[in-house]
Amino acid sequence: MRRVDVTAGGRTYGVVIGSGALGCDEFPPLSARADGTGFIVSRRVMELQGIRIAGLVERSVSPHIFPMDDGEDQKSYHHAEEYFNLLLKSGFSRKSLLVGVGGGVVGDFTGYCAAGYMRGIGLVHIPTTLLAMVDSSIGGKTAVNIEAGKNIVGAFHQPALVIADVDFLRTLPWEEMKNGMAETVKHAFIGEGRLLDLLRSHDPTTVRGADVMEELIYLSAGFKASVVGKDERESGLRAILNFGHTVGHAIESFLNFRGISHGEAVARGMKAELEISRRLGLIKGDEAALCREIVSRYGLAEEEMRLDVEGVLEHMKFDKKNYGGSLRFALLRGIGDPVFDQEVKPGLLREVLQIL
Ligand SMILES: NC(=O)c1ccc[n+]([C@@H]2O[C@H](COP(=O)([O-])OP(=O)(O)OC[C@H]3O[C@@H](n4cnc5c(N)ncnc54)[C@H](O)[C@@H]3O)[C@@H](O)[C@H]2O)c1
């Protein structure tokens, strides 16, 4: 079992990583043993791995299970209000604890409920997808969707504990794993050299082995934790985590989040932003080529995609990082050497976005 510490929001919490991590004695966290434990659990995960979750429930104080359907539409502001009512009717107090068991959808939603209920109660994340283990459960960003946009309403609310038990990943299809792989590849490009070495020495068949996966999550989650520890609120450095996401989000949003997974969109975004970095004289050609090879090695953005450039550019204008009418990017000066808040002119974007 491995452990990463995250220091944010004025305190430090642990991310316990490994096979069997669900049994760790840090659960339930000391700060939250007082009064009622609400498990918001993905129905799908409950179907597939309910027995393992039952063991955790047994070790909790006054447990309640609230099953949650999966899907982005469930992570909504209206749905959160239903849960607030449900929590109050079930007797939850300011000293209660919420535990989210599922992918990023369940995690973001549970986090938002914990941040809002009675102005904030204890939270534990039990991520069950790779994306949630290496990315969404770490750093305290919580959010729900409203009709006008995704992740528009939210709060920073750090958990008391994160348990990333790699055994959950045994039932996760590779197509879902790829969403987490895209974020892991990003962490390797923007600063975690050991992760880059790991990704170069494996492929989609070997990377799923429990030991390799444990190491990959440890390095990837550890990298995210180190960035968040330096800049919790994204006033500067945390923006490097947006590498690949400015273009990626614009593609997803232009396609109305249909027909393309988040990982595919981010992978295409990374390809575009690597090319922008190269054309601006930042990253060298051979380093950019190595990055592209790693993206394809894990089955991401393999086939070329022709985009409606003007449509994607239109969606990019809504990116939260822009200001003063200019488009702002996190780019690479080299592998492991990111820069953020870089202006990119629409002319260059038009050229790069033609085919990705
Ligand atoms: N808060 C943050 O910092 C942050 C960062 C990145 C992404 N996100 C959010 O994360 C969400 C995406 O998360 P995701 O990629 O985990 O998707 P997800 O939560 O939708 O889960 C993907 C699918 O996998 C299934 N699943 C989950 N665990 C499983 C398991 N162990 N075995 C089999 N199936 C399993 C789910 O039922 C679901 O159908 C988005 O809403 C995104 O906005 C948040």
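1. Two residues are in contact when their C-beta atoms, placed from the backbone, lie within 7 Å. In this predicted model, A164 touches V15, V16, I17, A21, P127, M133, I217 and A221, with residues up to four places away in sequence left out of the list.

2. The largest nonpolar core has 106 residues. Those touching the most other members are V15, I17, I163, A164, I217 and A221. Helix 7 (residues 210-230) is the element that gives the most to this core, contributing 10 residues. At least three residues of the core come from each of domain 1 (2-172) and domain 2 (175-353). In soluble globular proteins, nonpolar side chains tend to be buried together.

3. Seven strands form an open sheet with mixed pairing, in the order 1-2-9-6-5-3-4. Strand 1 (2-8) and strand 4 (63-68) are the edge strands; each has a single partner strand, so one side of each is left without a neighbour in the sheet. From one strand to the next, the twist averages 15°.

4. At one end of that order, strand 3 (residues 37-42) pairs with strand 4 in the parallel sense, over six bridges. Within this pairing, I40 stands opposite F66 in strand 4.

5. Helix 1 (residues 43-58) packs on the sheet and touches strand 3, strand 4 and strand 5 (97-102). The direction of helix 1 makes about 150° with that of strand 3. Helix 7 also packs on the sheet, touching strand 1, strand 2 (11-18) and strand 9 (161-165). The direction of helix 7 makes about 15° with that of strand 1.

How values were computed:
Residues numbered from 1 in each chain as written. Predicted model: local features only at pLDDT ≥ 70, side-chain atom pairs only at ≥ 80, totals over all residues. Core = buried A, V, L, I, M, F, W, Y, C linked by C-beta atoms within 7 Å. Buried ≥ 20, exposed ≤ 12 C-beta atoms within 10 Å, placed from the backbone. Helix = DSSP H or I, 4+ residues; strand = E, 2+ residues; numbered from the N terminus. Domains from an automatic or database assignment. Pairing = 2+ DSSP bridges. Axes fitted to C-alpha atoms, helices over the stretch in contact; angles between N-to-C directions.
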